[in-house]
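Have a look at the picture first, then read on.

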Amino acid sequence: MVLFSKLGTVLRTVQLKRLETLRNPFAPTIRYFHPESNLGFGSTVPSSSPEPRIHQKNVAIFWDLDNKPPNPFPPYQAALKLKKTASSFGFVRHMVAYANRHAFSYVPAAIREQRRERNKLTQVENEGLVKPPEPYLCRVCGRNFYYHEKLLNHFKQIHEREHTKRLNQIESARGSQRVKLVAKYSMKMEKYKNAAREILTPKAGYGLADELKRAGFLVRRVSDKPQAADIEMKNHIVEMMDRRRAECLVLVSDDSDFASVVQEAKMRCLKTVVVGNVNDGVLKRIADSGFSWKEIMMGKAQKEAVSVLGKWKDRDVLRRLEWTYKPEEEEKSEYGLGDESEDEDVESNFEGEDDGSMQKDKRRSWWEMESDADSMASRSCK
Ligand SMILES: [Zn+2]
């Protein structure tokens with residue numbers, strides 16, 4: 001019953017709208033133009049209409065570090081490239097990396113080799129057999145040293161101590177006092193961290209977590225139980241989808257255990273991108289798009305993202321046409337008899353200068369609220 005009465009009201013509104021159209025053809029265009037409802041999926045007229053305003057999708061990156069460490073690329077650079085590529089799909093709102101202890105304590109072969117070389121050089125320097133072409137510079141205070149070992153000692157004895165002192169001070173302060181201290185020390189601490197990265201060797205691993213944090217990632221350490229990272233990351237992705245925090249999921253992994261969550265994301269109308277090296281893997285087959293690490297690092301993925309976006313847009317347009325086909329037919333059969341020719345005249349007057357919003361208006365089903373951009377978005381994917 002409720003449905004029918006609602007239908008009646010809507011039909012009456014539509015009739016009124018049509019009368020208005022005849023009287024003042026510009027009225028509906030003005031009245032029903034909602035810039036927000038152009039969700040960047042393209043208008044309902046694929047070929048002729050100009051591009052609507054782009055709505056930035058929120059993008060979430062989830063990185064399975066256990067499965068896909070950034071090697072052989074340096075973690076900071078890899079993370080930045082990943083973010084840059086993901087930003088082609090929208091606004092990168094979430095960046096999370098998951099791993100267990102092993103991923104953080106692991107040192108890649110290239111880094112191990114570098115460290116070995118450094119130790120050898122330090123030894124020959126100390127024996128007086130070689131001199132560095134240029135003195136070593138302390139990047140905190142600017143002092144020069146002719147022995148790497150002396151620089152290292154100086155750095156540890158002075159700057160590392162200062163840094164620890166500052167951290168302790170901040171740690172023990174509360175409230176506004178703490179905020180003041182953080183502000184006061186932020187420049188110095190930043191300078192120290194940048195210098196320390198080059199000189200000091202991390203106690204474990206090669207600073208993977210710090211480097212990813214520096215690039216803006218939220219780094220989550222999980223227990224060493226098998227599959228712990230997978231399970232926690234899956235839960236995190238589902239939670240994010242439940243809260244509708246993102247419209248595009250970028251998953252960095254080759255682990256087929258994530259197939260179900262990618263499938264789920266697709267069902268919830270999220271766009272899905274997988275970054276992994278396995279080309280014909282399950283994940284890449286399910287996801288809307290897939291890249292390899294190399295493609296990300298070489299910038300190829302970023303270039304390709306443009307055509308991927310275009311493909312998504314076209315597909316959304318097709319889906320919307322399918323979805324709206326039937327109600328349009330019904331609408332016609334309701335009124336079509338008497339005023340059809342007049343109606344067509346009015347419509348044809350607008351071809352060329354129409355911005356697509358009017359056609360969209362007509363294709364909108366009766367239960368779709370005109371201003372309800374969100375519901376349009378979710379429907380367009382079904
Ligand atoms: Zn110094």
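What follows is a short walk through the model, topic by topic.

## Before you start

This is a predicted model, so local features need a pLDDT of at least 70, side-chain atom pairs count only at pLDDT 80 or more, and totals for chains, interfaces and linings use all residues. Residues are numbered from 1 along each chain as its sequence is written.

As for confidence, the protein chain averages a pLDDT of 77, and 70% of the residues score at least 70 (pLDDT is the predictor's confidence in each residue, from 0 to 100). The pLDDT falls below 50 over residues 13–54, a stretch with 61 contacts beyond near neighbours in sequence. Residues 368–379 are also below 50, with 15 such contacts in the model. Two residues are in contact if their C-beta atoms, placed from the backbone, lie within 7 Å.

## The sheet

Helices (H or I, at least four residues) and strands (E, at least two) are DSSP runs, numbered from the N terminus. There's an open sheet of 6 strands, in the order E5-E2-E1-E6-E7-E8, with parallel pairing. Strands E5 (218–222) and E8 (289–291) stand at the edges with a single partner strand each, so one side of each has no neighbour in the sheet. On average, neighbouring strands are turned by 20° against each other, direction ignored.

Strands count as paired if DSSP finds at least two bridges between them. E1 (residues 58–64) and E6 (residues 248–252) run parallel and are joined by 5 bridges. In one of them, Val-59 has Cys-248 of E6 as its partner.

## Helix H9 and its surroundings

Helix H9 lies across E1, E2 (91–100), E5 and E6, running at about 160° to E2. H9 (residues 228–242) also packs against H10 (residues 259–267) at an angle of about 5°, with the axes 10 Å apart. That makes the two helices roughly parallel, a label for angles under 35 degrees. Axes are lines fitted to C-alpha atoms, for helices over the stretch in contact, and angles run from 0 to 180 degrees between N-to-C directions.

On the H9 side, the contact is made by Lys-234, Ile-237, Val-238 and Met-241, while H10 brings Val-261, Glu-264 and Ala-265.

## Two spots in the loops

Asn-71 and Pro-72 are joined by a cis peptide bond, with omega about 0°. Pro-72 sits in the loop between E1 and helix H3 (75–86).

The other spot is Arg-244, in the loop between H9 and E6. Its phi is near 50°, a positive value in a residue other than glycine.

Note on methods. Parallel < 35°, antiparallel > 145°, perpendicular 65-115°, else oblique.
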